[in-house]
Amino acid sequence: MNRNAHPVLALALLAVTLLPMAMLGGCAADKSPGAGQGDPWIAPYNDPQITVLTPELRSWLGFQPAVVVREPTLTVQVPMRNMSERTYLLAYRILFYDQDGMELDPKMGWKMVPLSPKQNVRLRANALDERAVNYRFEVKWSR
């Protein structure tokens, strides 16, 4: 075999190996159906009733169990405490669900609440539909 054939053969093998990878990488459009990914958190931990939507607030807000009363519609009151030394302007809402887990309309709009250092508040909402049996409390930075 010719001495110069080894580098040429190696280069040809490299080209044959890399060509299909290059075609799959950036040249072809992704035509997959885009299936959703399973949630790694098991129920009920993946769907908490009290949800802090802004990650940096999670360590600064404390919650007590909600008070839930049904007469004649569901009323929810969530005790929340600012555990920091800062004043926050937050927004919250309470969403209501029927016995099948379907979200009820109309949805509560976001309400603003100022929160002083170490302050306790009780944030409350009433369902507007008598079918409400469950809720979700959401809190985030106010805009």
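Analyst: Happy to! This is a predicted model, where local features need pLDDT of at least 70 and side-chain atom pairs count only at pLDDT 80 or more, while totals for chains, interfaces and linings use all residues. Residues are numbered from 1 along each chain as its sequence is written, and side-chain values use heavy atoms, with hydrogens and water left out.

User: Great. How many helices and strands does the chain have?

Analyst: There is 1 helix, plus 8 strands. Those are DSSP runs numbered from the N terminus, with at least four residues of H or I for a helix and at least two of E for a strand. In sequence order the pattern is α-β-β-β-β-β-β-β-β.

User: What share of the chain is buried?

Analyst: Of the 143 residues, 29% are buried. Buried means under 20% relative accessible area, exposed means over 50%, and partly exposed is in between, using a 1.4 Å probe and protein chains only.

User: And which residues have the most contacts inside the largest nonpolar core?

Analyst: Met80, Leu90, Ile94, Phe96 and Val139 do, in a core of 24 residues. A nonpolar core here is a set of buried Ala, Val, Leu, Ile, Met, Phe, Trp, Tyr and Cys residues joined through side-chain atoms within 4.5 Å. The strand that gives the most to this core is β5, with 5 residues.

User: Tell me about β5, then. Why is it called largely enclosed?

Analyst: Because 9 of the 10 residues of β5 are buried, it is largely enclosed by the rest of the structure.

User: What does β5 pair with, and in which sense?

Analyst: β5 runs antiparallel to β6, joined by 5 bridges, and it also pairs with β8 in the antiparallel sense over 8 bridges. Pairing requires that DSSP finds at least two bridges between the strands. On the β6 side, Ala91 stands opposite Met112, and in β8 Tyr92 has Val139 as its bridge partner.

User: Switching topic: where is Leu53, and is it buried or partly exposed?

Analyst: Leu53 is in the loop between β1 (50–52) and β2 (61–63). It counts as partly exposed because its relative accessibility is 38%.

User: What does Leu53 touch beyond its sequence neighbours?

Analyst: Leaving aside neighbours within four places in sequence, Leu53 is in contact with Arg58, Trp110, Glu138, Val139 and Lys140. Contact means heavy atoms within 4.5 Å. Val139 also has contacts beyond four places with Met80, Leu90 and Tyr92, among others.
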